[in-house]
Amino acid sequence: MAFGLSDDQELFRSTCRRALQERAPVERVRELLDDPVGFDRATWAAGAELGWTAMFVPEELGGGSVSGEALVDAAIVAEEFGRSVHPGPALVTNVVAAGLARAASPELAERVLPGIAAGELVATWAFAGPDDALPAEPPVTAVPDGAGHRLDGVASYVPDAAAADLLLVSATTPDGPAQFLLPRDAPGIEVQPLETLDLARRLASVRFTGVAAGPETVVGTVGGAAGDLEHQLRVALVLQCAETTGATARGLAMTVQYAKDRVAFGRPIGSYQALKHRMADHRMWLEGSAAITAHAARAVALDRPDAAIAPRVAAAHVGRRSTATLHDCIQLHGGIGMTWEYDLHLYFRRVISNEVLLGSPDQHQRALVDIAEEAAA
Amino acid sequence: MTEQVEVPRQEAPEHETVPEFRARARAWLAAHVPLESPGEPFLQWDDEGVARDRAIQRSLWDGGIAGVHLPREYGGLGLSAAHQEAFREEAAEYRMPENFGNAFNVVIPTLLTHGSELLKRRHIPRILRGDDIWCQFLSEPSGGSDLAGLLTRAERTEGGFVLDGAKIWTTGGNYSDRAICLARTNPDVPKHAGLTMFVVDMRTPGIEIAPVRLLDGSADFCQEHIDDVFVPAENVVGEVDDGWRVATTLMVNERSAIGRGWSLGGQRGQQADTGIGLAPELLDLARELGRDTDPSVRALIGERWVLEAVMAATTKRVGAAIAAGDLPGPAAAILKAMSGATAVRRGEIDLAVAGVRAAAAPAGGGELWGLHRLSSHGIGGGTTEMQRNAIAERLLGLPREPSDDRVVPFRQLRQNTRPA
């Protein structure tokens, strides 16, 4: 993302990077690998002071972004998180904040957005099914019940659900999709942690059993939330691409440094074209990742004509190429690359996980064909 | 050597703000220069296209809008980079004389850096007036990537040098008036230290030009035999035996022009600006073949759009980053390497979707989809392997492959050969 940022954004990036280096170096990330919550509340609070969860919140509710480009600023944070395989819910909290800023009633927004901006409330989003990251219909159902709705079903792969204060639940109603913002400890909500490939990320299944959702919890309109879900997905894809790009940049930088330092057969292994050409290809695709992610961030932020297309293009490219790059980074390291102690697998795990968590490259590519056909129809 | 060269001047106001210049350029272009028509090839490299480009360049000169940021003492307008950018923006919709691309993108900046006063005064105005199209005599049949290992000799003679050898991969050699030519003046020093850059008049007796037909049937390049060609001493660019420095400048200029999109007008096809489009051709083909409902075919069609969108976004970003100094010039190698890799994958996808249709099409109609797989995009203009070296060594800072060819006198090296 480096190119095309304002001075304020560059400053924001370097502040984020320094905070992460000081408070959450990879040693600290490793200490938290077995922690059930999986992230550090003190770092979270420090991040809130830097504005990590404030950018989508309107200024009158205590939020604001460095540059006025909320999604670009959030993508800067995401990229730095990737660079440090940082754990915790800042990215998904921002996706929820973007959804609420777009669709929540003024009362609901006033009730929760200041807390999100200040880092006092952790929010997450429940939308995926057990077998599909992007189900055609959300897996949780909501049926009218008195003045409100009754929610049943299981949402899967919910990030940081155990630590969350708020759940934004996408649900299927007889009238179409709807969204509800519920306290995570509402009666009938049960969080079941999952074993994750990405050791620095917590995912859970969330079971809803007869959960009562009053009218004050509705985000947007019941039955009319398809556009809100789509917008949240676009924001989430952009942030995920930025995070993956950061992780890939870091993994490749580690590999290039290793290739300069390690000597075999009488010279640094990075001087062999058989190896350096592979690193050059990875650098090339990484530039593509940064370019298409930056393009997608602005396409979504400004609601350009390609706002539906660009994040899917980015996700397909970034997902596929980054996993291939990190795999080859492990290979280029040789023996050390396959050890638990060497940090590279932490980045590799995040990148693989990100390739599929919001839909696979193939899914996104097929979605592009759907979009083209709808446009032609 | 100190022969006086009269430098002609364009008719243009003495002092002009950017908006004033922009308005004047806009009016002249609208009245005198044809619009770019859709689907027109970037370079029209035939008699008609070359004649048209000469006329367009001449018209820019007549309108006083040629060589906007080039020094007045060499026929330019001496205006700022902002004026030049305004010209590029105004010109984006118009047919630009792209056959002068080498002259403007590569030759002029190289002459400005290394050329003698005589060479600058003599040649730059001729380019601005549409008189001279230039090509580059760099690669040789014996070697393209190892440029410094070239074999063409330049031996001192009365009043200048005599050149003997061969050049190849000259874009537009058959239409060019001048060449900028790298040749070996001293084989008794290491290879980089014995080269000299010359200006060669293409009409000098002894230059024999032939087109090179490529695997897809096109003939965009030429090769030249150089047989006892006399070049006056005043045509040396820079110093004798210091040609590698000149060649390096030339290649830096070339790369940064590639980064800008090479065009003399504004960037065309600004896909990343106007949004990513989803071109319908391959989806239409899949529908015609009844394959458009196959999920794997749909994923491939989507991947093709992804490839093109990423290429476009990267082109824009890297070009802008080089211009702003955020990436070094060699970063342009990313674009060259990516365009090669993208072309290969695009060809694979087209072959997979088209199936047997890729092998043959009705004569005189219908697209021969297999041509997309018959790509050689990773070679022309510098092989993908050389781009990878540039990325690895110049961007990532990885060490070179050790070799003694930089320290041993050229005469003692095993020289570039091409298997018979």
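Residues are numbered from 1 along each chain as its sequence is written, chains are lettered from A and ligands numbered from 1 in the order in which they are written. In this predicted model, local features need pLDDT of at least 70, side-chain atom pairs count only at pLDDT 80 or more, and totals for chains, interfaces and linings use all residues.

**Exercise 1. State the confidence figures for chain B and for the complex.**

Solution. Start with chain B. Its pLDDT (the predictor's confidence in each residue, from 0 to 100) averages 92. At least 70 is the score of 97% of the residues. Now take the complex. The predictor gives an ipTM of 0.96 and a pTM of 0.92.

**Exercise 2. Describe the side of chain A that touches chain B.**

Solution. Count first. Chain A has 39 residues in contact with 37 residues of chain B; contact requires C-beta atoms, placed from the backbone, within 7 Å. Next, list the elements. Those giving two or more residues on chain A are helix H7 (226–261), strand S10 (267–268), helix H8 (273–301), helix H9 (309–333) and helix H11 (361–376). Helices (H or I, at least four residues) and strands (E, at least two) are DSSP runs, numbered from the N terminus. H8(A) gives the most, with 15 residues. Finally, sort by class. This side of chain A has 21 nonpolar, eight polar and 10 charged residues. Nonpolar means Ala, Val, Leu, Ile, Met, Phe, Trp, Tyr, Cys and Pro; charged means Asp, Glu, Lys and Arg; the others, Gly among them, are polar.

**Exercise 3. Characterise the contact between domain 1 and domain 3 of chain A.**

Solution. The contact takes 22 residues from domain 1 of chain A and 24 residues from domain 3 of chain A. On the domain 1 side, helix H2 (26–31), helix H4 (70–83) and helix H5 (90–103) of chain A each give two or more residues. H4(A) gives the most, 11 residues. That side divides into 14 nonpolar, three polar and five charged residues.

**Exercise 4. Locate the contact between domain 1 and domain 2 of chain B.**

Solution. Chain B divides into domain 1 (18–100 + 112–132), domain 2 (136–251) and domain 3 (269–395). The C-alpha centres of domains 1 and 2 of chain B are 26 Å apart. In the contact, 10 residues of domain 1 of chain B meet 11 residues of domain 2 of chain B.

Terms used
Contact = placed C-beta atoms within 7 Å. Domains from an automatic or database assignment.
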